[in-house]
Amino acid sequence: MKYEVNEASPRHKEAIHIIQVICKALGINFKHLIGQKRQRHLVDARRVCYVLLKERMQLPAIVIGSYFDRDHAGVLHHLKSHDVLYKTYFDYRILYDKASKR
């Protein structure tokens, strides 16, 4: 069963706003970000969104996944891999720092 987000909630509007700000900061179209393509820059941008939504809003993985039409297990995978990528992958670090400053 797919988790449904209450679209009337102020937290929903805040989460969508965060996602749109990240899209603008990284120069990625919103439709491409929530789409199914698995190009490296899109996957990294999704990972950044997952991490910032978790850090800033303390949303559970199932809710974060519902914004991107993804399973919670995939979100958990990206949340766990963030620290390793941030330490070892220079381009990802620049991407994350750029988005988190906004």
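This is a predicted model: local features need pLDDT of at least 70, side-chain atom pairs count only at pLDDT 80 or more; totals for chains, interfaces and linings use all residues.
Helix α4 spans residues 61-68, and seven of its eight residues are buried, so the helix is largely enclosed by the rest of the structure. The buried positions are Ala61, Val63, Ile64, Gly65, Ser66, Tyr67 and Phe68. Their cover includes helices α1 (10-26), α2 (30-34), α3 (40-57) and α5 (72-88). Just after α4, aspartate 69 adopts a positive phi of about 55°.

Two aromatic pairs are present in the structure. In one of them, the ring centres of tyrosine 50 and phenylalanine 68 lie 5.0 Å apart with the planes at 80°, and the pair is therefore edge-to-face. This pair connects distant parts of the chain, since tyrosine 50 belongs to helix α3 and phenylalanine 68 to helix α4, 18 residues apart. Both tyrosine 50 and phenylalanine 68 are buried.

Tyrosine 86 and tyrosine 96 also form an edge-to-face pair, with 5.5 Å from centre to centre and 85° between the planes. Here too, distant parts of the chain are linked: tyrosine 86 lies in helix α5 and tyrosine 96 in helix α6 (residues 90-101), ten residues apart. Tyrosine 86 is partly exposed, at a relative accessible area of 27%, whereas tyrosine 96 is buried, at 9%.

Arginine side chains are also placed over tyrosine rings. Arginine 93 lies over the face of tyrosine 86, at 5.8 Å from the ring centre. The charged end of arginine 47 is positioned over the ring of tyrosine 92, 5.6 Å from its centre.

Methods
Residues are numbered from 1 along each chain as its sequence is written. Side-chain values use heavy atoms; hydrogens and water are left out. Buried means under 20% relative accessible area, exposed over 50%, partly exposed in between (1.4 Å probe, protein chains only). Helices (H or I, at least four residues) and strands (E, at least two) are DSSP runs, numbered from the N terminus. Contact means heavy atoms within 4.5 Å. Rings of Phe, Tyr and Trp (its six-membered ring) pair if their centres lie within 6.5 Å; planes under 30 degrees apart count as stacked, over 60 as edge-to-face and the rest as tilted. A charge sits over a ring if NZ of Lys or CZ of Arg is within 6 Å of the ring centre and within 35 degrees of the ring normal.
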